[in-house]
Amino acid sequence: MEKKEISEILKKALNSGADFAELFWEQKESSSISCEENRIERINSGIDEGVGIRVIAGENTSYAYSNDLSFSRLLEVAEIAAKGARKSQEVLEIKEFQTPPSLLKLEIKKPPHEIEIEEKVQSVLTVNEAARGVDNRIRQVTVNYSDARQKVTIANTDGVFVEDLRTRTRLSVHAVAAEGDLVQTGFQSLGGSVGFELLEENDVIELAKTAAQRAILMLSAKPAPSGKMPVVLTGKAGGTMVHEACGHGLEADLVQKGLSVYAGRIGQEVASPLITVVDDGLLKGKFGTSCYDDEGTPCRKNVLIRDGVLENYMYDLKTAKRDQVSSTGNGRRESYKSRPIPRMRNTYIAPGKTDPEKIIKDTKEGLLVMAMGGGQVNTLNGDYVFDVAEAYLIKDGEAIYPVRGATLTGNGPETLRLVDIVGNDLGFTIGICGKEGQGVPVSDAQPTMVVRELIVGGTGGDSTTQGKTIRRL
Amino acid sequence: MEIQLLKERQFDVYKEKGVKYSMETVAPKVLDMAQRKGAELAEVFLLDSQKLTIEVASQKVENLKLSEERGFGLRVISQQRLGYAYSSDLSEKALIKTVERAIYNSRLVAEDSAWDVATLGKSYPVLDLYDEEIIRKTVEEKISLAQEVEKTALASDSRVRQVEKAVYQDSSYRISLYNTRGLVCSYQGSYCGLYGVVIGQEGEDAQTGFSMNFSLKYKELNPTKVGLEAAEKAVRMLGAKSMPSAKLPVVFEPYVMTGILEVLQTAFSGKAVIKGTSFLAGKEGKKVASPLVRIIDHGALPGQVGSSPFDSEGVPTGETVLVQDGELLGFLHNLYTASKLGVVSTGNAVRSSFKSTPEVGATNFYFDKGTVSREELIGEIKRGLYVTEVMGLHTANPISGDFSLGASGLLIENGELTTPVKGVAIAGNLQGLLLGIDAVADDLTFYVGQGAPTVRVQGLMISGK
């Protein structure tokens, strides 16, 4: 598609008097390898290409997409989208195309499409063997590798014209351990806006072992206690808590609709003064990083909460216009099939000053969380829940035994106010974040920190009666 | 607005270099190419679909989305190795590239004699899956249904602050399967639905309520019911507080029970049996649940959104009883898992799109209804928790069966629903939960191809303040 054709399509889309029209053209080449049962079970690859056209008139958005890319069909699609969002008789002119400079230069050392499938398969098999070698109680190991190369062209009637190439690579290991009737699992993953070098620059053997060792460890774990108690989240545990407890609530669409506990609270204290929350789209190589967002806005680093005070929300173009600010580079979409909405990228709580080891040593009792799993939040009232993948009961600064089956339940703003100590470490985990049915790659992190109290939902009963309850199986 | 997208576009036709072709012509071409390149068996899955979504806020259309999607997925079996590739591009060049990729991908996959494609079935269930009315109705009329959801919710109670979302959605699609064993089959289907997310507010406290109504028939849509139910669910949770930790009887609403059932699905998959990752493996003929439990998968259930005449490998669908009187009868299978375990496919090959390989999955998966009424079931409880919402279901572990969920609901005191509860966690194990069911109500409700009645479980650990 030439610029001239794109601008004709946009002209058509503005035809019925809308304020804004945008074209998003995506070509995505993906490949995936899956190893299970000690062998390569599936290799899949393909191309998905399509164009999405968005038209905005006032508060009304219309979106149409097609993977029929003929110029004549795209003109029709533009017309359909235009009809969905009509405002006035006045037809706006399209501004001349210009490309805003990117604040980042991404260098893909080993573009995945240039690597032979044999080499990818070899790495996957090595990882599988490493996990299986940990212990003979490992019953099953699944290794999934995937890479994607996404070429996008974004053009809108405000004159933005951006071409961007995103490369992402991901590896995950899922181990199942069994002893008698008891089955436990362990999971670790790795991913980034990088090429195949991901598997060379990271210790994938260690990753495999960690997943398998966690499954084994959980075989000997006791049921987690239940009730309110202090919780130490270590820097290695990942950022699920910050993602759920405040990240989603700081997305401008939810804020503007009055669906967030953080709405109308800019400049107010919403967290402990030890808490600074950042969403950074420029962190080199991280899973949520890219040069531009899916509306052609250059990505940037945004401080959302500074020393406990709410400073900013995450914006896309539409919500930014409404608040008369500029987009923060957080307009993202899963593919050409979806309209962009404000989304997180790489979200983290900034490290503090305390030595993490000292934090653990100084904890009298509570739950020590070494790895978090998935989570969920109701942004309206800030209630959230997240899963604990590896945790220990802690007593007088020592981890006394591992516990399993715990979920932590809390309220976002309340939890962030209850943070007493923040460590000087920081560890990222990756994930696919879901919102309105769209999944986008993100990463999140936090330093080691102590939350004065959270509800731990285990099966082990009151923490004081620990050991007296029998686990039903 | 006079959008008539569905009429503007010809179904099942694509253009290349200005010439129109039927999508169906793609399949024989691809199969032929695959065989010439050395595939012993090949299968083409074709999808052509369109979808309309309308979101209304403050009686205005906030978002309108029209989409069309099509593409094909190719499976080849060459020297007992399976290869897969897909493309949304139907040009001659893309077809060749896809065939080459599928064969290339197959080279490094482990050999397995269990891979196969389907032969033509003896008979396929006859189902009424396509409703002309969904296509015929104007966009204005569909908008008015979503507006009705919002209006009803706002008018139902003064504590309803806002309707976060009132949505109308429909889709029509055509699925075709071709393979080198001579299988040729296709069907056309459509569905439509409404859902509403409502916010209730009293003082500082805000709560969300949700309701949906998906159907194969346009005339079965009921916006008033969706609006009222979502509003009621939001309002009844106002003033919710945490409760002290205790082990209590727990009652799951049909919507919540359906969610739990979804996690259980994985354990009923023949694939999980082969991998040793199902806690039900090896328990056929044994008691795995309370005698009150009957769990069924039925791919040809009339009137349900999950129905189709054949699965995504072309095997006819039908009813599979998985648990009867608490006893495990079997598992769900596609051709591969069935062959591995020496049984026949249950017609449960499922693909999420043309981009994915056919895996084992559920069709209409449901927990059969019992005989008591919901009121009787609650009436027998002195103190318990009626759970209306759980959070973090996707974190439940389908392999070990362990779950720990954030929950909210209503307290049951002396057989009555009393005060709202939030901020608690319920933990347990799915096996224990199934065995601990001591009452099943007669109110089986379906939510897009999955369903359950109200279910009572003896004692679960509730963690609170």
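**View 1. Strand 2 of chain A pairs with strand 5 of chain B in this predicted model**. Here the two chains share strand pairing: strand 2 of chain A and strand 5 (residues 81-87) of chain B run parallel and are joined by four bridges. Look for A:Asn44, whose bridge partner in strand 5 of chain B is B:Tyr84.

**View 2. A salt bridge links A:Arg42 and B:Glu359**. The closest N and O atoms of this pair sit 2.9 Å apart. Zoom out a bit and the rule finds 15 salt bridges across the interface of chain A and chain B. As for the side of chain A that touches chain B, strand 2 (residues 39-57) of chain A gives the most to it, with eleven residues. The residues on that side split into 20 nonpolar, 31 polar and 27 charged.

View 3. You'll find B:Asn397 in the loop between strand 16 (383-391) and strand 17 (402-413) of chain B. With a relative accessible area of 16%, B:Asn397 falls under the 20% cut-off, so it counts as buried. Setting aside neighbours within four places in sequence, B:Asn397 is in contact with A:Thr185 and B:Asp402.

**View 4. The whole contact between chain A and chain B**. Chain A puts in 78 residues and chain B 83 residues. Together they bury about 6900 Å², with carbon and sulfur atoms giving 45% of that area. Across the interface, 48 residue pairs are found in polar contact, both residues at pLDDT 80 or more.

Key:
Residues numbered from 1 in each chain as written. Chains lettered and ligands numbered in written order. Predicted model: local features only at pLDDT ≥ 70, side-chain atom pairs only at ≥ 80, totals over all residues. Heavy atoms only, no water. Contact = heavy atoms within 4.5 Å. Buried area = accessible area lost by both parts, 1.4 Å probe. Salt bridge = Lys/Arg side-chain N within 4 Å of Asp/Glu carboxyl O. Polar contact = N/O pair within 3.5 Å; in protein donor to acceptor, adjacent residues only side chain to side chain. Nonpolar A, V, L, I, M, F, W, Y, C, P; charged D, E, K, R; others polar. Pairing = 2+ DSSP bridges. Buried < 20%, exposed > 50% of the residue type's maximum accessible area, 1.4 Å probe, protein only.
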